[in-house]
Amino acid sequence: MIRWVTGLGISVAAVLCWAAVPVASQQDTVILRSGNLVIGDVERLSRGSLEFDTDEMDLVKIDWEDIAVVRSAGFFEVTLRSGEQYYGSLAGVDPGVLVVGGLGFTDTLDFRDVVLIQAFERGFFARTNGYVDVGTNLTRANRLASLLAKGRFSYKGPNWGLEVTAESYWQTQQFVSESGDTTTQSTKRNGSSASVKRFLSGRWLVSATAQADQNQELDLDRRLLGQIGGGFQIVRTHGLEWAVGLGGTVNDELFVGEDRATTGEFVFGTVFDAFDIGDVDWYTAVTTYATPAGDGRFRVELDARIAWEIISDFTIGLNVTELYDSAPPSATAAKRDYQYALSIGWSWD
């Protein structure tokens, strides 16, 4: 009964607010669940927040769960958690109900099912998100210095997506012998990947990925991967995305002191992205490569990032990388390499 009365109150407030807005202004309107009215321009809904451009406060982000009604005469692409897409203007009076329509048609959607609203005329970079992190470590006791640079860039359009990642880690350490001689040992690790995705009906997709790696700690001079596969988005909500994928990879690698080798691998991966835990984002990707022939070699790569927003879009965080190879071709290579680093960064969406 209380919920019904509250909903009725918001509906009445919405009608009264819109009656008070001059029609000629053509500005977009948002009614909050508190009953407050905000006038401006709808930019987009992404990762649980509606970007809204106002004259008084410039661009603000409003939690989607705090909004009762949104209305705009612009043309938008609206995506549901099921993967279904709708196109048209935004309307509605009842709280928690979004009406998407055009000439001669309307679709009534539940707010809880809407995960993305994108103004159709916005350009390429308006559909992107990503981050850049930098971390360093200096310790006098063991004369060690390290530097980490890491980033991810992601684009998602109506039918196609693109993701690019890059990471570079460098470490140097000085050793002093009993005679006073100083030697310096340095290691570095570099990795990058680019993936093109084609979104299918519902939450299915196919992808093609190219990847390049180099790791002195594992005696890996270079590794080039070409991968084709498919995936399915198990969960997509305002604060969480979880997807799995399966495919095949051609692995061309060269270890120090070994001959170049090219093998085929099965690949299975999962990506977990939680971005609405207060001011904390949590991203984890785990990829397993298995060689069907030979000695049953398999490799596991874990990439994790926990970032806390301290000032608008600027973060501090923890970056974790774990690499495991059950049977590296080089007899002197380690099976495991890992890196944990505190970092500062900048993210956007």
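Contact here means heavy atoms within 4.5 Å. This is a predicted model: local features need pLDDT of at least 70, side-chain atom pairs count only at pLDDT 80 or more, and totals for chains, interfaces and linings use all residues. Residues are numbered from 1 along each chain as its sequence is written, and side-chain values use heavy atoms, with hydrogens and water left out.

**Overall picture**

Helices (H or I, at least four residues) and strands (E, at least two) are DSSP runs, numbered from the N terminus. The C-alpha trace spans about 85 × 45 × 40 Å along its principal axes. The chain has 349 residues, and 41% of them count as buried. Buried means under 20% relative accessible area (1.4 Å probe, protein chains only). Take contacts between residues at least 6 apart in sequence: 49% join residues at least 24 apart.

The chain exposes about 18600 Å². Carbon and sulfur atoms supply 60% of that area. Areas come from the Shrake-Rupley method with a 1.4 Å probe. Side chains include 29 positive and 46 negative ones. Lys and Arg count as positive, Asp and Glu as negative; His and the chain ends are not counted. The centres of the two sets lie 3 Å apart, with each charge placed at NZ of Lys, CZ of Arg, CG of Asp or CD of Glu.

**The largest nonpolar core**

A nonpolar core is a set of buried Ala, Val, Leu, Ile, Met, Phe, Trp, Tyr and Cys residues joined through side-chain atoms within 4.5 Å. The largest one has 24 residues. L50, W64, V78, L98, V114 and I117 have the most contacts inside it. Elements giving two or more residues to this core include β1 (28-32), β5 (67-80), β6 (85-91), β7 (97-102) and β9 (114-119). β5 gives the largest share, five residues.

I117 shows the local packing. Leaving aside neighbours within four places in sequence, I117 is in contact with E43, R44, L45, W64, F76, E77, V78, L90 and L98.

Two strands pair if DSSP finds at least two bridges between them. β5 and β6 pair in the antiparallel sense; β6 and β7 also run antiparallel. S72 has L90 in β6 as its bridge partner. A91 stands opposite V99 in β7.

| Hairpin | Bridges | Residues between strands | Turn residue with positive phi |
|---|---|---|---|
| β5 and β6 | five bridges | four residues | G83, about 95° |
| β6 and β7 | three bridges | five residues | G92, about 135° |

Conventions:
Buried < 20%, exposed > 50% of the residue type's maximum accessible area, 1.4 Å probe, protein only.
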